[in-house]
Amino acid sequence: MTEHTHDGGTRQHAHHHDGGARQGGDQQGRLDLHEDADNAVDMWDGMYRERPKIWSGNPNPQLVAEITGMEPGTALDLGCGEGADAIWLAKHGWKVTAMDVSAVALERAAGHAREAGLQESVNWQQQDLAEWTPEPVFDLVSAQFLHSPLLPWRDSASKAAAAVAPGGTLLVVGHHPHGLAPWSRHHETDMFYTPEELAEELGLEHGPWSVGVLTSRERTIEDPDGNPATIMDTVLRATRKP
């Protein structure tokens, strides 16, 4: 697929992180993103093979904050990683399509869904966002921390928006460039964005969107030594006008 976003870290093409451990690696800062790989599949598979578990297994906190209480329908989870967000959505009644570039991550995610008795509620798909052509058919599209050295964030955000059905919800969450973890290796990259940059890229002021949330939010995570650290997320929740 394209990046990973499992715990609020650094997604590489359509993966997810889960809430704070993914700023270019895990909480210990020792994950190798395999950026010298020839393609996204090799890069992400290489990372996931390093450990039997990369992310915490908890859903991303901004997903929980923004989607709790929403009437369930069809959802697309871009960069699903080991599946925490997709499984959380399925538990709350959503029929989920979960995409990731890594077959290794998808195999783990499917196993977690079976353990939760939700194997019929999630359709796991291996997909590279760089090659994926979205159709506007989903009631919810969630793109959590789609940060990748192989896919510009503008491309991933635009593709996420293009998959939202009329009347559906777009949720995009990313690392704010001025609120990265102190130990992040990616401070000098263009992988991150502000709310203003995201709004401009998606044409929110003039496009077919009703914006519910467009903000930056501080969040507390643990540093590599287990001490509390503050990072900042960029959060967008918008509804496509019917």
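**Sheet, cores and buried residues of the predicted model**

Within the sheet, threonine 74 has lysine 95 of S4 as its bridge partner. This pair belongs to the parallel pairing of strand S3 (residues 74-78) with strand S4 (residues 95-100), which extends over 5 bridges. The structure described here is a predicted model. In total, the protein has 6 helices and 9 strands.

S3 and S4 take part in an open sheet of 7 strands, in which the order is S5-S4-S3-S6-S7-S9-S8 and the pairing is mixed. The edges are formed by strand S5 (122-126) and strand S8 (209-222); each has a single partner strand, so one side of each lacks a neighbour in the sheet. From one strand to the next, the twist averages 15°. Helix H4 (residues 103-115) lies across S4 and S5, and runs at about 170° to S5.

Strand S4 also contains alanine 98. This residue counts as buried because its relative accessibility is 0%, where the limit for a buried residue is under 20%. When residues up to four places away in sequence are not counted, alanine 98 touches Asp77, Cys80, Ala86, Leu106, Val122, Asn123, Trp124 and Gln125. One of these residues, alanine 86, is 12 residues from alanine 98 in sequence, and the two are 6.3 Å apart in space, C-alpha to C-alpha.

The largest nonpolar core comprises 26 residues. Within this core, the residues with the most contacts are Leu76, Leu78, Val141, Leu170, Leu198, Leu202 and Leu236. Two or more residues are given to the core by each of S3, strand S6 (138-144), helix H5 (153-162), strand S7 (164-175), helix H6 (195-202) and strand S9 (228-240). H5 provides the largest share, 4 residues. For leucine 76, with neighbours within four places in sequence left aside, the contacts are Thr97, Met99, Trp132, Phe138, Leu140, Val141, Ser142 and Ala163. Another core, of 25 residues, lies apart from the largest one and includes Leu63, Ile67, Cys80 and Trp94.

The loop between S6 and H5 holds histidine 147. Histidine 147 is buried, because its relative accessible area of 0% falls under the 20% limit. The side chain of histidine 147 reaches the backbone nitrogen of histidine 175 at a distance of 2.8 Å.

Values for the whole protein complete the description. Of the 242 residues in the protein, 58% are buried. Where contacts between residues at least 6 apart in sequence are considered, 68% join residues at least 24 apart.

How values were computed:
Residues are numbered from 1 along each chain as its sequence is written. This is a predicted model: local features need pLDDT of at least 70, side-chain atom pairs count only at pLDDT 80 or more; totals for chains, interfaces and linings use all residues. Side-chain values use heavy atoms; hydrogens and water are left out. Two strands pair if DSSP finds at least two bridges between them. Axes are lines fitted to C-alpha atoms, for helices over the stretch in contact, and angles run from 0 to 180 degrees between N-to-C directions. Contact means heavy atoms within 4.5 Å. A nonpolar core is a set of buried Ala, Val, Leu, Ile, Met, Phe, Trp, Tyr and Cys residues joined through side-chain atoms within 4.5 Å. Buried means under 20% relative accessible area, exposed over 50%, partly exposed in between (1.4 Å probe, protein chains only). A polar contact is a pair of N or O atoms within 3.5 Å; within protein, one must be able to donate a hydrogen and the other to accept it, and residues adjacent in sequence count only if both atoms are side-chain atoms.
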